[in-house]
Amino acid sequence: MTSIDILEPAAALVAFGPNATSFSRLDDEQLLLAQQAHTTLRRISDRLGALIAGEIAHRSRREIGYSGLAQRKGYSSPEALVQSLAQSTRAEASKLVRLGGLMAEHEAGLATGTPHSLGETEPSHSPIPTALLHGLLSADSADAIYRGLGSPDAAVTAELLAAASEQLIEESATLTVDQLYRRARQLRDELDFDGVARREKQQHDDRYLKRWIRPDGMYQASMLLDPENGRQVFAAFDTILSPRRGGPRFIDRSEKIRADAILTDPRSDEQLSADALVDMVRIASAADDGALFGTSQPSVRVLVTREALESRNGPGFIEGNSNAVSLETVERHICDRGVIGIQFDDDGQCVNVGRDQRLFTTRQRVGLSARDGGCRFPGCDRPPSWCEAHHVDQWHRDQGKTDIADGVLLCRHHHMLVHNNHWQILRERGIYWLRPPKSEDPTQALRAMPTRSAALRQLDSERLVV
């Protein structure tokens with residue numbers, strides 16, 4: 001890095017002026033040049049900040065113990081020291097330390113003739129520190145690629161990740177940092193279809209809802225949801241707020257009255273959402289345990305190609321989210337909500353939207369609720385209001401019919417278990433059996449799935465008496 005690298009953009013900004021009044025006098029082209037100069041200067045500053053943070057981390061490494069730089073200054077980690085000195089967030093300091101380590105180890109590798117990056121990742125991310133050192137990437141973009149691609153493993157080699165890094169560096173000029181991270185996740189999924197289910201499970205395991213009461217008596221919460229469940233929650237709020245977000249105006253009178261009421265409601269979007277959440281909880285809490293709650297579900301679409309579905313090789317996607325989901329998740333949605341076939345031509349234009357939806361009707365769901373009395377998984381006590389309708393035969397592969405006899409109620413947890421862990425439900429007339437996978441029971445002994453409906457049990461006992 002030469003002094004000219006820093007002086008040129010800095011001099012350009014000084015020439016434009018030190019205050020808002022000076023910039024307001026610039027024409028459009030000059031203003032854009034000023035922004036470009038600032039971007040260049042910021043990249044140089046971030047690069048210097050990362051190198052400094054990396055050296056601070058090196059002088060504070062764990063094996064030095066309390067004689068390390070950060071420890072001697074009274075900080076528990078180099079990230080904490082950098083955060084204090086830079087007056088930044090912990091996330092920003094961690095990013096600078098991480099990237100500084102990448103660049104330092106990469107340069108050390110070049111000096112010894114064995115280029116590498118950080119620790120076990122070896123040459124997998126070497127294009128990233130190279131691009132960062134040469135000013136081709138901002139610190140945020142470099143970190144997005146690094147975190148998005150992840151580390152090499154048995155399925156994705158270091159060489160494959162290096163090639164993916166180079167591709168993303170080329171694409172970075174036209175992508176925002178958020179878009180670059182999502183693109184990196186897509187490439188990782190494309191390189192490792194089998195890893196989609198593993199990462200999906202990790203996201204599901206990372207979910208949480210934290211709640212607390214503030215000193216002023218207000219109730220506050222924070223939540224993190226995996227893409228599938230998050231989309232369901234967001235879709236519910238999107239439906240409520242849709243009149244404020246544009247959309248079709250040629251709707252029936254009742255819908256128009258509702259839309260006008262939302263548009264003229266004095267509450268903000270945030271207040272409407274808060275009140276809607278309270279209403280959802282109130283309705284769900286008051287739901288009859290003997291009813292299948294929520295027959296009108298938020299619109300959550302899962303997209304998958306016919307080839308991937310039939311060959312069981314490839315991911316699916318939740319509409320509006322670029323993260324891949326496993327075929328088990330796709331099949332569970334198809335099982336509960338049906339499928340609509342959409343055909344595209346070679347130009348990517350939609351030429352046909354199928355009409356057949358293989359899903360249980362509202363009346364059929366009421367029948368399932370009365371017959372099953374809740375989740376039929378052995379030992380589960382969830383009522384119908386907690387359950388989803390599971391197809392005994394997966395109709396897209398086995399041409400299973402959408403008849404009540406071919407469906408059973410399962411709570412969401414056990415519905416996910418059946419699909420994700422490949423349990424099988426069998427039917428012999430009116431009797432249902434559960435067959436576990438060999439990983440759970442090598443003998444795959446059948447387990448009874450009795451109804452939890454008191455009325456149906458009474459009917460069965462009367463039959464036995466006769």
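# Reading the cut-offs in a predicted chain

Guide: Residues 24 or more positions apart account for 54% of the contacts in the chain with a separation of 6 or more. Contact means heavy atoms within 4.5 Å. The model is predicted: local features need pLDDT of at least 70, side-chain atom pairs count only at pLDDT 80 or more, and totals for chains, interfaces and linings use all residues. Residues are numbered from 1 along each chain as its sequence is written, and side-chain values use heavy atoms, with hydrogens and water left out.

Visitor: How many helices and strands does the chain hold, and what makes a run count as one?
Guide: The chain has 20 helices and 12 strands.

Visitor: Why is E200 called buried?
Guide: Its relative accessible area is 13%. Buried means under 20%, exposed over 50%, and partly exposed in between (1.4 Å probe, protein chains only). E200 therefore counts as buried. Buried residues make up 36% of the 466 residues in the chain.

Visitor: What makes the E200 and S326 pair a polar contact?
Guide: The two side chains come to 2.6 Å. The cut-off is a pair of N or O atoms within 3.5 Å; within protein, one must be able to donate a hydrogen and the other to accept it, and residues adjacent in sequence count only if both atoms are side-chain atoms. E200 belongs to helix α11 (residues 194–205). Beyond four places in sequence, E200 is in contact with V325, S326 and T329.

Visitor: Which residues of the largest nonpolar core touch the most other members, and what makes it a core?
Guide: They are V82, L99, L137, I145, L149 and L168, out of 31 residues. A nonpolar core is a set of buried Ala, Val, Leu, Ile, Met, Phe, Trp, Tyr and Cys residues joined through side-chain atoms within 4.5 Å. The elements giving two or more residues to this core include α3 (28–58), α6 (90–112) and α9 (158–171). Helix α6 gives the largest share, six residues. Another core lies apart, with 18 residues, among them V408, V418, W423 and M449.

Visitor: What does L168 contact, leaving aside neighbours within four places in sequence?
Guide: L168 is in contact with I145, L149, L180, R183, A184 and L187.

Visitor: Why is the F377 and W423 pair called edge-to-face?
Guide: The ring centres are 5.4 Å apart and the planes stand at 65°. Rings of Phe, Tyr and Trp (its six-membered ring) pair if their centres lie within 6.5 Å; planes under 30 degrees apart are stacked, over 60 edge-to-face, and the rest tilted. The angle is over 60, so the pair is edge-to-face. The structure holds one aromatic pair. Its partners are 46 residues apart, F377 in the loop between α17 (362–372) and β8 (387–391), W423 in the loop between α19 (412–420) and β10 (424–428). F377 and W423 are buried.

Visitor: How do you know that the charge of K210 sits over the ring of Y208?
Guide: The charged end of K210 is 4.6 Å from the ring centre. The rule asks for NZ of Lys or CZ of Arg within 6 Å of the ring centre and within 35 degrees of the ring normal.

Visitor: What makes β11 and β12 a strand pair?
Guide: Two bridges join β11 (residues 431–435) to β12, running antiparallel. DSSP must find at least two bridges, so the strands pair. L434 stands opposite R447 in β12. The open sheet has three strands, in the order β10-β11-β12.

Visitor: Why do β10 and β12 count as edges?
Guide: Each has a single partner strand, so one side of each is left without a neighbour in the sheet.

Visitor: Why is L446 called partly exposed?
Guide: Its relative accessible area is 42%. L446 lies in the loop between β11 and β12. Its C-alpha atom is separated by 5.9 Å from that of W433, 13 residues apart along the chain.

Visitor: Where is Q444, and what is its phi?
Guide: Q444 is in the loop between β11 and β12. Its phi is positive, about 50°, although it is not a glycine. Q444 is partly exposed, with a relative accessible area of 26%.

Definitions and conventions: Helix = DSSP H or I, 4+ residues; strand = E, 2+ residues; numbered from the N terminus.
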